[in-house]
Amino acid sequence: MSQRDSGYERKERDLYETPAWVTHALFPHLPWQPEVIWEPAAGSGKMARAIIDASPKVVTVIESDIETGGDFLSEFLVQEGVEAIITNPPYALAQEFIKSALDRMEGHGIIAMLLRTDFDHAKTRADLFAEHPAFAKKVVLTKRIKWFEDSKGSPSFNHAWFIWDHQHQGAPTLAYGP
Ligand SMILES: C[S@@+](CC[C@H](N)C(=O)[O-])C[C@H]1O[C@@H](n2cnc3c(N)ncnc32)[C@H](O)[C@@H]1O
């Protein structure tokens, strides 16, 4: 079933705003608390604001979005001093976003992506999950995300946070959030 089938019209460029509780649920699971975070698909900035609320350690959240000229998949978009990349990527480009984030943070830093909970199932994505040495943790959200307050239907999809940490060693772990 697609999101459209359940009464959710797909928005242009996947402009779904993540409810604050979803972002807050990530922070207890980060391996360490970063001070400089890049939200590279920031949209209206809802997730960026929730990041600031969620962590007293965060000093700066850098926001960018293709709508304001920041194409995260372009090699020319560069940010210095970033310790973590956290976002809810556009669904159709999620794989490219993960690869771009892993390349940009190679050797250091945390990446956290909000994805559909079975995004790691595909064999074709094993290089990003099961076989990736930095893949550290999956945090399953046990509550479904309601993307629009005024939507009539119930949400159809389950989501999880996927966390990579370039300092991680060993197998990834599994946790459950709200
Ligand atoms: C699912 S929304 C997420 C918005 C925000 N992260 C949140 O959770 O509230 C996806 C966002 O990705 C942006 N986007 C789409 N393609 C992009 C690209 N190549 N580079 C940067 N942003 C992109 C869209 O404009 C949209 O704002």
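A residue is buried if 20 or more other C-beta atoms lie within 10 Å of its own, exposed if 12 or fewer, and partly exposed in between, with C-beta atoms placed from the backbone. Keep that in mind for helix H3, where Ala94, Phe97, Ile98, Ser100 and Ala101 are buried. Those residues cover an arc of only 165 degrees around the axis, which puts them on the same side of H3. The arc is taken from the directions from the helix axis to the C-beta atoms.

Now some ground rules. This is a predicted model: local features need pLDDT of at least 70, side-chain atom pairs count only at pLDDT 80 or more, and totals for chains, interfaces and linings use all residues. Numbering starts from 1 along each chain, as its sequence is written. Helices (H or I, at least four residues) and strands (E, at least two) are DSSP runs, numbered from the N terminus.

How confident is the predictor? pLDDT is its confidence in each residue, from 0 to 100. The protein chain averages 90, and 92% of the residues score at least 70. Over residues 1–9 the pLDDT is below 50. That stretch has 14 contacts in the model beyond near neighbours in sequence. A contact means two C-beta atoms, placed from the backbone, within 7 Å.

Back to H3. What do its buried residues pack against? They pack against E3 and E4.

Next, helix H2, residues 46–54. Its buried residues are Met47, Ala48, Ala50, Ile51 and Ala54. Seen down the axis of H2, they fall within an arc of 165 degrees, so they line one face of the helix. Their cover includes helix H1 (20–26) and strands E1 (36–39), E2 (60–63) and E3 (84–87).

Ala50 is buried, with 24 other C-beta atoms within 10 Å. Leaving aside neighbours within four places in sequence, Ala50 is in contact with Ala20, Thr23 and His24. Ile51 counts as buried too, with 25 C-beta neighbours inside 10 Å. Beyond four places in sequence, the contacts of Ile51 are Thr23, Ile37, Glu39, Val58, Val61 and Ile86. Ile51 and Thr23 are 28 residues apart in sequence, yet 6.5 Å apart in space, C-alpha to C-alpha.

On to the core. Nonpolar side chains tend to be buried together in soluble globular proteins. Here a nonpolar core is a set of buried Ala, Val, Leu, Ile, Met, Phe, Trp, Tyr and Cys residues joined through C-beta atoms within 7 Å. The largest one has 41 residues. Which members touch the most others? They are Ile51, Ile85, Ile111, Ala112, Met113, Trp161 and Ile163. H1, E1, H2, E3, H3 (94–104), E4 (110–116), E5 (135–141) and E6 (159–165) each give two or more residues to this core. The largest share, six residues, comes from E4. Take Ile163: apart from residues up to four places away in sequence, Ile163 touches His29, Leu30, Ile110, Ala112, Ala136 and Lys137.

For contrast, a loop residue. Leu77 sits between E2 and E3. Leu77 is partly exposed, with 16 other C-beta atoms within 10 Å. Outside four places in sequence, Leu77 is in contact with Ser64, Gly70, Asp71 and Phe72. Leu77 and Asp120 are 43 residues apart in sequence and 27 Å apart in space, C-alpha to C-alpha.

Last, the ligand. How many residues surround it? There are 23, and the closest are Thr18, Ala41, Gly43, Ile66 and Asn88. To be near, a residue's C-beta atom, placed from the backbone, must lie within 6 Å. By class, the shell has 11 nonpolar, five polar and seven charged residues. Ala, Val, Leu, Ile, Met, Phe, Trp, Tyr, Cys and Pro count as nonpolar, Asp, Glu, Lys and Arg as charged, and the others, Gly among them, as polar.

Methods. pLDDT = per-residue confidence, 0-100.
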